[in-house]
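Please prepare a briefing on the structure shown below, grouped by topic and with the cut-offs stated for each term that is used.

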Amino acid sequence: MRLLLTSDTHLPTRARHVPPPLLAAMDRADVVLHAGDWTDIATLELFTARARRLIAVHGNNDGPGLRARLPEIAHAELAGLRFTVVHETGPARGREERCAERFPSTDVLVFGHSHIPWDTTAPGGLRLLNPGSPTDRRRQPYRTYMTARADGGELTEVTLHRIEAAAAR
């Protein structure tokens with residue numbers, strides 16, 4: 001099962017449109033996981049129409065319209081793995097232990113908020129993934145998203161993809 005992980009699209013404030021590389025990755029994915037901060041209902045509608053399956057949450061910058069349509073936390077079982085999607089996980093210091101305690105029944109936690117890519121494994125095996133942002137790099141060198149494969153209870157081929165500046169506008 002091919003997965004696309006993204007977050008913090010912040011449209012139309014950080015970019016005018018979804019970057020073409022992210023759209024192409026969405027077309028190849030079996031499941032898209034979005035960890036919030038859409039800021040725009042039209043972007044949610046685009047993802048809903050285009051993704052084969054969308055698992056998504058709202059973020060701290062999402063207004064009432066998005067909050068009415070999206071949960072704060074989403075759970076899904078995909079290819080034998082238990083996924084949780086949430087926008088915020090708090091400070092980087094202590095994140096693995098805090099999230100393992102908060103989500104004891106989760107194998108993979110997808111989160112956003114910081115725009116900083118993150119890929120670690122907590123003691124006990126919880127995998128934490130933040131795909132960064134495809135539109136707002138903040139202090140990072142690139143705009144980013146992630147892809148991965150989930151098959152038979154295993155998460156493999158976790159890849160952080162860079163979006164060049166020209167494609168992100």
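T39 is partly exposed, because its relative accessible area is 27%, where buried means under 20% relative accessible area, exposed means over 50% and partly exposed lies in between, with a 1.4 Å probe and protein chains only. This is a predicted model, in which local features need pLDDT of at least 70 and side-chain atom pairs count only at pLDDT 80 or more, while totals for chains, interfaces and linings use all residues. Residues are numbered from 1 along each chain as its sequence is written, and side-chain values use heavy atoms, with hydrogens and water left out.

**Backbone geometry in the loops**

- T39 is found in the loop between β2 (31–34) and α2, helices (H or I, at least four residues) and strands (E, at least two) being DSSP runs numbered from the N terminus.
- The phi of T39 is near 65°, a positive value in a residue other than glycine.
- R138, in the loop between β8 and β9 (143–151), has a phi near 50°, which is again a positive value in a residue other than glycine.
- R138 counts as partly exposed because its relative accessible area is 38%.
- L11 and P12 are joined by a cis peptide bond with omega at about 0°, and P12 lies in the loop between β1 (2–6) and α1.
- As background to these entries, most residues other than glycine have a negative phi, and most peptide bonds are trans.

**The open sheet**

- An open sheet is formed by 5 strands in the order β4-β5-β6-β8-β7, with mixed pairing, where two strands pair if DSSP finds at least two bridges between them.
- The edge strands are β4 (73–78) and β7 (118–121), each of which pairs on one side only.
- From one strand to the next the twist averages 15°.
- β4 and β5 run antiparallel and are joined by 6 bridges, with I73 standing opposite V86 in β5.
- The hairpin of β4 and β5 has 2 residues between the strands, and A79 takes a positive phi near 50° there.
- Strand β5 (residues 81–86) pairs with strand β6 (residues 108–110) in the parallel sense over 3 bridges, and V85 stands opposite V110 in β6.

- Helix α4 (residues 95–102) lies across β4, β5, β6, β7 and β8 (127–130), and runs at about 70° to β7; axes are lines fitted to C-alpha atoms, for helices over the stretch in contact, and angles run from 0 to 180 degrees between N-to-C directions.
- The buried residues of α4 are R95, E96 and C99.
- Seen down the axis of α4, these buried residues fall within an arc of 95° and therefore line one face of the helix, the arc being that of the directions from the helix axis to the C-beta atoms.
- What covers the buried residues of α4 includes β6, β7 and β8, with contact meaning heavy atoms within 4.5 Å.
- A68, found in helix α3 (residues 64–69), counts as exposed because its relative accessibility is 68%.
- A68 and H58 are 10 residues apart along the chain, and their C-alpha atoms are separated by 9.0 Å.

**Salt bridges**

- The structure holds 6 salt bridges, a salt bridge being a side-chain nitrogen of Lys or Arg within 4 Å of a carboxyl oxygen of Asp or Glu.
- D27 forms a salt bridge with R50, and the closest N and O atoms are 2.8 Å apart.
- That pair links distant parts of the chain, with D27 in helix α1 (residues 20–28) and R50 in helix α2 (residues 41–50), 23 residues apart.
- D27 is partly exposed at 36% relative accessibility, and R50 is partly exposed with a relative accessible area of 34%.
- D119 forms a salt bridge with R127, with the closest N and O atoms 2.7 Å apart, and D119 is partly exposed because its relative accessible area is 39%.
- R149 forms a salt bridge with D151, where the closest N and O atoms are 3.6 Å apart.
- R149 is partly exposed, with a relative accessible area of 27%, and D151 counts as partly exposed at 38% relative accessibility.
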